[in-house]
Amino acid sequence: VDSINMAAGDYLELRIYQMVLTSGTRRVAYFQSYQDAQIADEMIKISVPISNELTDNGYTLRSGNATGSDQAFASGVRNNNAQIWLPWKDFELEFQLEHPDHKYIIPDDRDDEAWYSVKKFHPNYKKMEEGNQDKFNTFMDFMSRIYRQVRGLFEDDSEFVVCWTHDGTAVCGTGQAIRIA
């Protein structure tokens with residue numbers, strides 16, 4: 001695991017979690033977590049140039065279209081190199097309309113591998129499963145798409161994940177991506 005301390009402040013680290021690449025095609029996935037305004041703004045400022053550089057060098061962004069750095073990374077994509085995995089069709093629709101060249105994908109409800117990954121990797125799966133069914137289904141829609149952001153669908157795995165979390169803790173969707181990677 002490589003860590004790069006960014007000039008934006010001692011509290012901001014960009015962590016790159018490397019995965020084994022299964023073929024010559026290069027893919028990349030980006031994730032972010034907390035929406036802490038002060039810190040998230042610093043991450044957003046560096047997301048676009050990182051995305052510019054990587055897509056200029058042949059990488060494809062895989063992301064989830066969440067507000068914050070997900071959308072900042074997607075805004076920096078060049079050459080239409082973006083796969084955006086949505087929990088449902090109209091998720092963050094305004095951004096989709098502003099960036100129609102991205103490839104927007106909704107995982108199939110019958111994607112057993114992605115759904116199983118939530119059970120396997122998420123620490124609160126059992127608690128969510130035993131709770132309100134509507135909340136559980138929404139949780140599954142969000143978390144199962146993260147598996148496809150990291151692993152793709154009938155494609156190579158992401159070569160690495162670029163993400164930020166407060167204090168480097170593996171929480172929320174970003175934590176799920178880190179656990180999968």
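Colleague: Where is Ile46 found, and why is this residue called buried?

Modeller: Ile46 is found in helix H1, residues 37-56; helices (H or I, at least four residues) and strands (E, at least two) are DSSP runs, numbered from the N terminus. The relative accessible area of Ile46 is 17%. Buried means under 20%, exposed means over 50%, and partly exposed lies in between, with a 1.4 Å probe and protein chains only, so Ile46 is buried. The C-alpha atom of Ile46 is separated by 8.8 Å from that of Ala72, 26 residues apart along the chain.

Colleague: On what basis are such values given?

Modeller: This is a predicted model, in which local features need pLDDT of at least 70 and side-chain atom pairs count only at pLDDT 80 or more, whereas totals for chains, interfaces and linings use all residues. Residues are numbered from 1 along each chain as its sequence is written, and side-chain values use heavy atoms, with hydrogens and water left out.

Colleague: What pattern does the chain follow along the sequence, and how much of the chain is buried?

Modeller: Seven helices and seven strands are present, in the order β-β-β-α-β-α-β-α-β-α-α-α-β-α. Of the 181 residues, 50% are buried. The chain exposes about 9300 Å², of which carbon and sulfur atoms supply 49%; the area comes from the Shrake-Rupley method with a 1.4 Å probe, and for residues only the protein chains shown count as cover.

Colleague: Is His102 counted as buried or exposed, and on what value?

Modeller: His102 has a relative accessibility of 10% and therefore counts as buried. Its place is in the loop between helix H3 (93-98) and strand E6 (103-105). Beyond its neighbours within four places in sequence, His102 is in contact (heavy atoms within 4.5 Å) with Ala74, Val77, Ala82, Ile84 and Phe95.

Colleague: What distance separates the backbone oxygen of Ala74 from a polar atom of the His102 side chain, and what makes a polar contact?

Modeller: That distance is 3.1 Å. A polar contact is a pair of N or O atoms within 3.5 Å; within protein, one must be able to donate a hydrogen and the other to accept it, and residues adjacent in sequence count only if both atoms are side-chain atoms. Another case is Asp157, whose side chain is joined to that of Arg151 by a polar contact of 2.7 Å. Asp157 lies in the loop between H6 and strand E7 (160-163), and at 13% relative accessibility this residue counts as buried.

Colleague: Why are H6 and H7 called oblique to each other?

Modeller: The axes of H6 (residues 133-151) and H7 (residues 172-180) come within 9 Å and cross at roughly 45 degrees. Axes are lines fitted to C-alpha atoms, for helices over the stretch in contact, and angles run from 0 to 180 degrees between N-to-C directions. Angles under 35 degrees count as roughly parallel, over 145 as roughly antiparallel, 65 to 115 as roughly perpendicular and the rest as oblique; the pair is therefore oblique. Met143, Ile146, Tyr147, Val150 and Arg151 of H6 meet Cys172, Gly173, Gln176, Ala177 and Ile180 of H7.

Colleague: How many of the residues of H7 are buried?

Modeller: Seven of its nine residues are buried, and H7 is mostly covered. Among them are Gly173, Thr174 and Ile178.

Colleague: What makes H4 roughly perpendicular to H6?

Modeller: Helix H4 (residues 112-121) packs against H6 at an angle of about 110 degrees, with the axes 8 Å apart. That angle makes H4 roughly perpendicular to H6. The residues in contact include Trp115 and Val118 of H4, and Phe139 and Met143 of H6.

Colleague: Which classes do Asn65 and Asn79 fall into, buried or exposed?

Modeller: Asn65 has a relative accessible area of 1% and is therefore buried, whereas Asn79, at 54%, counts as exposed. Asn65 is found in the loop between strand E4 (61-63) and helix H2 (69-75), and Asn79 lies in the loop between H2 and strand E5 (82-85). Phi is positive in Asn65, near 70 degrees, and also in Asn79, near 65 degrees.
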